[in-house]
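Please read the points below with the structure open beside you, and look up each residue as it is mentioned. They are meant as a colleague's careful notes for someone new to reading structures.

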Amino acid sequence: ILLTTFIAGGGLALFVLPQLVDLFKSLNTELPLSTKILLFVAETMKNYGFIIVGAIVGVFIGLGFLVQTSFVKPKWHRLLLSLPGIGILLQNIQLTNLNRNLGLMLKSGITLVPALKTEYEATENLVYKLYLKRLVSAAESGKYLSEEMRLHRFTFLPAIMTKMVGIGEKTGKLDETLIYLGDFFEEEVDEMTKNLATIIE
């Protein structure tokens, strides 16, 4: 939907709006402010449209390379998770994968430390990668995962996850608890993506 919106908007700005400039100028009437702004955009796109579009594409490509550097990437991942609305969606996607993968590995007989290490290798978001690294250290030291989560207050792990993991550890059903959490966060993702699609439309 986003891609279609940008293509449609770009097409209008480059090919349709410039055609309106001469039409509105020929009317010889006082135009409202919103129309004047539209005409300014149209005239700018008429004269410099391809340069502007090229510059925007260049900026996005440059940013793409910049956020892959080792210095910027961790900050970029944290920023994405902190964004209003979309940040919660990205958090829930990460939590869905993290909980479900760990739960399935534990259910299949893999012990906790190897499961955490496997998920650490599989996780691409550097914020959650750091969380998993801390959880690996805690598990190797014989600590409860929920205790580690409470002590370090992982910003992007919701309180419900800490509490549920604690219950799973105490009852000996951590695998089932993690799979349940994976399903819970997946439902949140489904609901948010439906709403997001409606908002964008």
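1. A salt bridge is counted when a side-chain nitrogen of Lys or Arg is within 4 Å of a carboxyl oxygen of Asp or Glu. By that rule K117 forms a salt bridge with E140, with the closest N and O atoms 3.2 Å apart. Because K117 belongs to helix α5 (residues 112-122) and E140 to helix α6, this pair ties together parts that are 23 residues apart in sequence. K117 is partly exposed, at a relative accessible area of 40%, and E140 is also classed as partly exposed, at 48%. Please keep in mind that this is a predicted model.

2. How many salt bridges does the structure hold? There are 3, and R100, D183 and E186 are linked in a network of them. R100 pairs with D183, the closest N and O atoms being 2.6 Å apart, and this pair links distant parts of the chain, since R100 is in helix α4 (residues 86-107) and D183 is in helix α9, 83 residues apart. E186 forms a salt bridge with R100 as well, at 2.9 Å between the closest N and O atoms; E186 lies in helix α9 and R100 in helix α4, so parts that are 86 residues apart in sequence are tied together.

3. Leaving aside neighbours within four places in sequence, I179 is in contact with N99, G103, L104 and K107. The C-alpha atoms of I179 and K107 are separated by 9.1 Å, although the two residues are 72 residues apart along the chain.

4. K129 is buried yet has no salt bridge, and the nearest side chain of opposite charge, that of E121, is 5.1 Å away. Apart from neighbours within four places in sequence, K129 is in contact with Y120, E121 and T123.

5. In helix α1 there is a kink of about 40°, centred on A13. A13 is also among the buried residues of this helix, together with L14, L17, P18 and V21, and what covers these buried residues includes α2 (33-66).

Technical notes
Residues numbered from 1 in each chain as written. Predicted model: local features only at pLDDT ≥ 70, side-chain atom pairs only at ≥ 80, totals over all residues. Heavy atoms only, no water. Buried < 20%, exposed > 50% of the residue type's maximum accessible area, 1.4 Å probe, protein only. Lys, Arg positive; Asp, Glu negative; His and termini not counted. Contact = heavy atoms within 4.5 Å. Bend = angle between axes of the 7 residues up to and from the residue. Helix = DSSP H or I, 4+ residues; strand = E, 2+ residues; numbered from the N terminus.
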